[in-house]
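Me: I'm new to this one and would like to go through a few spots in it. Can we take them one at a time?

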Amino acid sequence: MSELLEKAKNFVAEKVGHVKKPEAEVTDVDFKTVSFGSVEYLAKISVTNPYGVDLPICDITYNLKSVGREIVSGTVPDPGSIEGKDITVLEVLLKVPHNILLTLAKDIGADWDIDYELDIGLTIDLPVFGNFTIPLNKKGAIKLPSLF
């Protein structure tokens, strides 16, 4: 009996391991706008859905860091769904308070940019499997707006 259970377990593990899953990547992080209290940046995520049905997105969590320090973090609740058999571009607004930018003065320095690392968790509700989180990471430099 235990031999039969072991074979069944191996069969299921093999089939589940080869199931196609949605794929995602952070394609861009760029300056959007300046307001009285903050600077807004926009992160774009390209998500490929291999299934013929739309997949609901539970949430998107994000954490923007520079020089090992957290600049901003948060959650985008219920951002919609990923279209079936298509590529969906999601936008995540990152609102950075001016006082945080002042603490990064050494990094900003002469080149007037922020070297960053962006961690994103894209949680999707997959039928049968339940919630599935795609971890994303992007490193780069964000140019600061210039008045001149």
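Me: Leaving aside its neighbours within four places in sequence, which residues is T88 in contact with?

Reply: Keeping in mind that this is a predicted model, T88 is in contact with I45, S46, V47, S81, I82 and E83, once its neighbours within four places in sequence are set aside.

Me: And where does T88 sit, and is it buried or exposed?

Reply: T88 belongs to strand β5, which covers residues 87–97, and it counts as buried because its relative accessibility is 12%, with the cut-off for buried being under 20%.

Me: What lies 3.1 Å from a polar atom of its side chain?

Reply: That is the backbone nitrogen of E83, and E83 is also among the residues that T88 is in contact with.

Me: Switching to S73, which strand is it in, and what does its side chain make a polar contact with?

Reply: S73 is found in strand β4, residues 69–82, and its side chain makes a polar contact of 3.1 Å with the side chain of E70. At 37% relative accessibility, S73 counts as partly exposed, and beyond its neighbours within four places in sequence it is in contact with Y62 and N63.

Me: What about the largest nonpolar core, which residues touch the most other members?

Reply: The core has 29 residues, and those touching the most other members are I45, I60, L64, L94, L118, I120 and L122. Strand β6 (113–126) is one of the strands that each supply at least two residues, and β6 gives the most, with seven residues.

Me: Which residues is I120 in contact with?

Reply: Apart from neighbours within four places in sequence, I120 is in contact with V26, I45, I60, T61, Y62, I134, P135 and L136.

How values were computed
Residues numbered from 1 in each chain as written. Predicted model: local features only at pLDDT ≥ 70, side-chain atom pairs only at ≥ 80, totals over all residues. Heavy atoms only, no water. Helix = DSSP H or I, 4+ residues; strand = E, 2+ residues; numbered from the N terminus. Buried < 20%, exposed > 50% of the residue type's maximum accessible area, 1.4 Å probe, protein only. Polar contact = N/O pair within 3.5 Å; in protein donor to acceptor, adjacent residues only side chain to side chain. Contact = heavy atoms within 4.5 Å. Core = buried A, V, L, I, M, F, W, Y, C linked by side-chain atoms within 4.5 Å.
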